[in-house]
Every structure is written in C-alpha cells, then in structure tokens.
Amino acid sequence: MNQEAASRRFSGLNQDNRALRLVVVASVLVNVILVIGFVFRTQIVTIVPSNVMTKATYTASSADEGALSSWGLYLATLLGNVTPSNADFTADSVGHLLAPGIYKEVMGGISDQVTKIKTGQLTLQFEPAAVKFEAAKNVVYVDGWLSTTDSHGTSQREERTYEIYFDVVNYQPRVVGLTSYLGKPHFGQ
C-alpha cells in the first residue's frame, strides 16, 4: 500500500511538473513579445506649451493641432513684433526653426527686411486675433493686425495673415513654408 501511494504521489508530481514547465514557457514567450513591443514602440511626448492652455503631443514625425498652433502663434508674434534693436535677434530666432530646404531663401528675405527696419527706423507691432489650423497640410494661419510706425511717429495699421507650414523631425517642429499677406487667411488654397 505504501508503494501504491508513493506511485500516485510521484505521478501527480510529474503532472504538476509538466504543467509548471508549460507555464514557464508561456511566461517566457509573453516576456519576449513584451520586450519586442517595448523596443519598437514609438515614443509620444506630451508638452504643455506656455502660450496655449491645451496639451501639445509630439511623436517623432508629427504633432497635434495644439502643438503646431502654438508654434505658429509664437513664430507670427516673433516676426510681427520687430524694432531696430531686436531685428537681428528675431532673424536669428526664426533661423533656428527653419527647415534646411528653405533656410537660405527665407533668411535672405528676412535679412532684406531687417535692413529696411534698421535704415527706416521702423517698429512693427502685431496683435494676433485668430489662429486656425488645417490638418491636411499641417499649416497654421495666424490672422491679426500689424501696425508699422516710422521714426516720425507715422503709423499704418493693416490686417495681416501669417501662413506657416510645418513638418516634425525627431520631435522638433520645422518650418517648411512661410508666407505673409494682407487680409484674411486663404483656407484650402
């Protein structure tokens, strides 16, 4: 009888051992799958910019509406508020945001504007009124009022729109297109 009980216990232990081996193999497979998923996962960065009240989410190659609208508003405000004393700083700051493909062309235009601002002793003041985003093109439209004052105190006020096209490379927004024009934004054109 002792031998029969021992045989049953031994048989039960063998079955438990087989079951535990299957559990260990399954755990190893699940861990391998989790490690592969973790290694190849794209990172998402969430930033709360200072000039908007919503969260801005970036991935390695894209950003949401809040992020790009925030950058567009920043850039339009930077370009629209220039004096002879901060013109060089403004040009340098804008240069850091430009994509390499448009850098030379845009910086040439900005350099011409800086020269005009310094020689004419002009002061630009931009008051943004609206920021609109077109997701299909990653373009931000910043509409507002631009006041230009010369050294004699003569002021001219006009409605101006800054149209800024963005691309995101390694979590960093880059300006790939930039234009400004009189009047309201030209959506979908």
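**Exercise 1.** Classify the exposure of Tyr74 and determine the geometry of its aromatic pair.

*Solution.* At 36% relative accessibility, Tyr74 is partly exposed, a class between buried (under 20% relative accessible area) and exposed (over 50%), with a 1.4 Å probe and protein chains only. The model is predicted, so local features need pLDDT of at least 70 and side-chain atom pairs pLDDT 80 or more, while totals for chains, interfaces and linings use all residues. Residues are numbered from 1 along each chain as its sequence is written, and side-chain values use heavy atoms, without hydrogens and water.

Two aromatic pairs are found in a search of the whole structure; rings of Phe, Tyr and Trp (its six-membered ring) pair if their centres lie within 6.5 Å, and planes under 30 degrees apart count as stacked, over 60 as edge-to-face and the rest as tilted. For Trp71 and Tyr74, the ring centres are 5.9 Å apart and the planes stand at 90 degrees, so this pair is edge-to-face. Trp71 is also partly exposed, at 24% relative accessible area.

**Exercise 2.** Characterise the pair formed by Phe126 and Tyr162.

*Solution.* First, the geometry: the ring centres of Phe126 and Tyr162 lie 5.1 Å apart with planes at 90 degrees, so the pair is edge-to-face. Next, the location: Phe126 belongs to strand S3 (residues 123–134) and Tyr162 to strand S5 (residues 155–169), so the pair ties together parts 36 residues apart in sequence. Strands are DSSP runs (E, at least two residues), numbered from the N terminus.

Definitions and conventions. Helix = DSSP H or I, 4+ residues; strand = E, 2+ residues; numbered from the N terminus.
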